[in-house]
Amino acid sequence: MSRKNITTDKFALLAFKSSVTLDPYHMLNNWSTSSFSLCNWVGVTCDAVHERVRALDLSNMGLGGTITPQLGNLSFVVELDLQGNNFYGRLPNELFGLHRLRLLDLSNNGFVGGIPTRVGDLPKLQHLDLSHNNLTGFIPHSIFNLSKLEYLDCSLNFLKGIIPPSIGQLRQLKILDIRNNTLSGTIPPTISNLSSLEAFHLSHNSLSGTLSTHYDHM
């Protein structure tokens, strides 16, 4: 594996660190240019063969700041977990170019703006959690291109508009949580197409209509 590619990962993480303005527990102290291997950095898991960043887990570390576009250069990353911090600002489009992502958890932060339409460009994504932020705008139709998605949580934001009928395309979806937003309109009957669904939460919106009796027990 090219040393250049490994260096790309290191610079991407150092760029991200430079945008972190709050690190009360000094969790990122060993993220340094002097470190021989970024695979020993806190929160970083590397691929054993290629030594590329495979997972970045900085959940519940009290970190604050913005998300730099360079994070989108971690082209081998499969899991990205930044939940339970104080990150803010808009979600960079580049984040949704990480085509190997299976898990993306940005919940319990202070992100604002809309959900980028590029969210539909993550063909392997199984787990998407954007809950407990300050996201606004509409649910992008592209999100329903995520054919492998099993978990979708956009609750406790300020999303508006309707639930698109194309939600019925998410045939692998097991958990759907979009409660506590400002969604309106009729609950689309296509929800009944979600044959794998185990639980869903739509409350505290302005939705109307009824659901199939298949879901009455949920």
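Here is a friendly chat about the predicted model shown above.

Reader: Hi! How many helices and strands does the chain have?
Author: Hello! This predicted model has one helix and 16 strands.

Reader: And how compact is the chain for its length?
Author: Its radius of gyration is 18 Å, close to the 17 Å that the globule rule gives for 218 residues, so the chain is as compact as a globular protein of that length. Along the principal axes, the C-alpha atoms fill a box of roughly 60 × 35 × 25 Å.

Reader: What share of the residues is buried?
Author: Buried residues account for 49% of the 218.

Reader: New topic: how many salt bridges does the structure hold?
Author: There are three salt bridges. One of them joins the side chains of R52 and D9, at 2.8 Å from N to O. R52 sits in the loop between strand 2 (44-46) and strand 3 (53-57), while D9 belongs to helix 1 (residues 3-18), so this pair ties together parts that are 43 residues apart in sequence.

Reader: Are R52 and D9 buried or exposed?
Author: Both R52 and D9 are buried.

Reader: What about R179, which residue does its side chain meet in a salt bridge?
Author: R179 meets D177, with 3.0 Å from N to O. D177 is buried, with a relative accessible area of 6%, whereas R179 is partly exposed at 28%.

Reader: And which residue pairs with R118 in a salt bridge?
Author: That's D121, and the closest N and O atoms are 3.4 Å apart. R118 is partly exposed, with a relative accessible area of 30%, and D121 is partly exposed too, at 34%.

Reader: Last one: how far apart are the mean positions of the positive and negative charges?
Author: They are 8 Å apart, for 16 positive and 16 negative charges.

Key: Residues are numbered from 1 along each chain as its sequence is written. This is a predicted model: local features need pLDDT of at least 70, side-chain atom pairs count only at pLDDT 80 or more; totals for chains, interfaces and linings use all residues. Side-chain values use heavy atoms; hydrogens and water are left out. Helices (H or I, at least four residues) and strands (E, at least two) are DSSP runs, numbered from the N terminus. The radius of gyration is taken over C-alpha atoms; the globule rule is 2.2 Å times the number of residues to the power 0.38. Buried means under 20% relative accessible area, exposed over 50%, partly exposed in between (1.4 Å probe, protein chains only). Lys and Arg count as positive and Asp and Glu as negative; His and the chain ends are not counted. The place of a charge is taken as NZ of Lys, CZ of Arg, CG of Asp or CD of Glu. A salt bridge is a side-chain nitrogen of Lys or Arg within 4 Å of a carboxyl oxygen of Asp or Glu.
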